[in-house]
Amino acid sequence: MTETAPILSWLDLAAAAGLLLLAGTVSLVLRLGLEKRLAVAALRTMVQLLAVGYVLRFVFTGERALVVAAMAAIMVTAAGHAAVQRSSRTFAGIHAVAFLALVLSAGATIWLVTGVVLGAEPWWTPRLMIPLLGMILGNGLTGISLCLDTLLERLDERRAAVEADLANGATRWEAAREPLKDAVRKGMIPILNAMTVAGLVSLPGMMTGQILAGAEPMQAVRYQIVVMFMIAAATSLGGILVAVMVYRRMFNERHQLRRGMIRKSGR
Amino acid sequence: MSSAPLLSCRGLAVSFGARTLFSGLDLDLQAGELVGLRGRSGSGKTTLLRTVCGLDDPTAGEVRLDGRTGDETGWPCFRRAVSLVAQEPLLPAGTVGQAMARPFAFRTCSALRYDPGLAREVLAEVFDTPPDLDGDAGVLSVGERQRVALSRALLLDARVLLLDEPTSALDPEAARRVEAAVRARADAGLAALIVSHDPAQAERWCDRVVDLSANTGGRS
């Protein structure tokens with residue numbers, strides 16, 4: 001049961017591009033005006049993925065720690081930036097908060113998975129670490145941006161309610177607890193949803209990829225379970241870290257909700 | 001009155017950049033005293049109340065309760081005793097009863113027990129038709145929220161109340177009821193600093209009125 005998938009040639013890719021003709025025809029017939037965008041999107045997909053392929057080939061050969069670290073740093077920086085870009089509110093230092101939360105949550109989780117669960121030697125073996133890190137960051141940035149957005153919105157729009165608690169003798173932690181809880185909960189919703197319907201609505205991407213590549217289905221399932229747990233752990237850890245860091249920035253030691261910290265980001 | 005003040009403000013000043021809202025403000029409140037606060041719009045009345053309870057920092061000066069600052073007592077304890085009721089309070093999502101009970105979960109209120117019966121009594125003092133404790137707090141009008149927030153502060157037995165236009169959304173009859181409830185607590189030792197835009201009300205309700213205009217204006 002370990003049939004490998006057929007090797008794809010450039011000709012096969014050209015044949016697959018024919019599938020886009022179908023989408024292009026629909027656009028033409030219905031006058032949707034999407035032909036140009038479709039062509040640009042298809043070209044971008046090709047160029048970006050081929051570039052990543054060459055980068056991965058370079059990173060995977062040789063197992064050089066410095067190269068892996070540089071790749072991981074680029075991935076985390078891009079993810080941190082993307083997490084912040086999606087938030088409708090912002091504050092000074094938001095990039096550092098998102099970046100640090102991603103570094104700590106992804107770093108701890110990836111080490112546990114590759115070093116402890118998978119027993120890789122070294123733990124940063126690029127063929128394992130880079131794809132897994134990509135999955136953690138892809139999901140983690142969604143969780144962190146949802147968490148950030150919810151928390152900043154609550155502290156901004158419901159500032160009066162938070163200050164009413166402070167005015168009645170609440171500590172800053174007591175006043176912030178509900179917005180923090182809501183924010184972490186919101187950040188966890190996508191992965192919880194994915195875990196709930198995993199295998200029922202669709203086969204998760206990584207598992208599908210492994211099966212296509214010829215893996216034994218039960219092995220692919222086990223890997224997918226590890227990945228789901230890994231993403232859930234990283235997302236919850238990232239959300240909690242972001243929430244605590246925002247909390248410490250928004251409230252001072254005099255138990256005040258600091259003024260003028262949050263501003264609309266115009267998105 | 002010659003006894004030591006319950007609440008004492010010394011040399012209070014608040015500036016935002018080059019703009020000074022007020023400066024050099026000295027103000028004492030004795031136990032049982034209701035002090036009105038007036039001043040033109042934008043003179044810093046709300047900011048003064050926020051500064052007194054430590055939600056905002058003064059640019060200069062200090063506030064003491066029984067001779068101790070918030071830094072000495074801890075700010076949550078200070079605000080538990082010197083409680084601000086905002087002009088347009090936001091109540092937490094849930095029922096009126098949950099809004100009334102909420103502060104009792106705070107560590108500074110751990111010596112107190114929430115008693116729904118007592119909550120109903122206080123609401124009945126402040127409202128002519130009190131809201132049901134099981135009713136949705138989210139549907140209350142501004143005037144009702146003002147009175148629920150005031151009732152909650154009275155239930156908590158704060159020693160000083162900072163009331164920011166507490167009857168601004170009420171009709172005269174409802175306003176008088178609020179005045180009577182606060183006056184009754186003042187007779188038992190509560191002190192209050194009350195912002196009011198109605199000179200007749202301030203005259204009727206308060207023991208004296210302080211005009212913030214004397215300390216406002218100017219650019220530093």
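1. Which kind of β-α-β unit do β6(B), helix α7 (residues 172-187) of chain B and β7(B) make? The unit is right-handed: with the strands pointing away from the viewer, the path from the first strand over the helix to the second runs clockwise. Helices (H or I, at least four residues) and strands (E, at least two) are DSSP runs, numbered from the N terminus.

2. This is a predicted model, in which local features need pLDDT of at least 70 and side-chain atom pairs count only at pLDDT 80 or more, while totals for chains, interfaces and linings use all residues. Residues are numbered from 1 along each chain as its sequence is written, and chains are lettered from A and ligands numbered from 1 in the order in which they are written.

3. Strand β7 (residues 191-195) of chain B is largely enclosed by the rest of the structure, because 5 of its 5 residues are buried (20 or more other C-beta atoms within 10 Å of the residue's own, C-beta atoms being placed from the backbone). B:Ala191, B:Leu193 and B:Val195 point one way from β7(B), and B:Ala192 and B:Ile194 point the other way. In a regular strand, side chains alternate between the two faces of the sheet.

4. β7(B) pairs in the parallel sense with strand β3 (residues 34-38) of chain B over 4 bridges, pairing requiring at least two DSSP bridges between the strands. Within this pair, B:Leu34 has B:Ala192 as its bridge partner. Strand β6 (residues 160-164) of chain B is also parallel to β7(B), over 5 bridges, and B:Leu162 stands opposite B:Leu193.

Technical notes. Buried ≥ 20, exposed ≤ 12 C-beta atoms within 10 Å, placed from the backbone.
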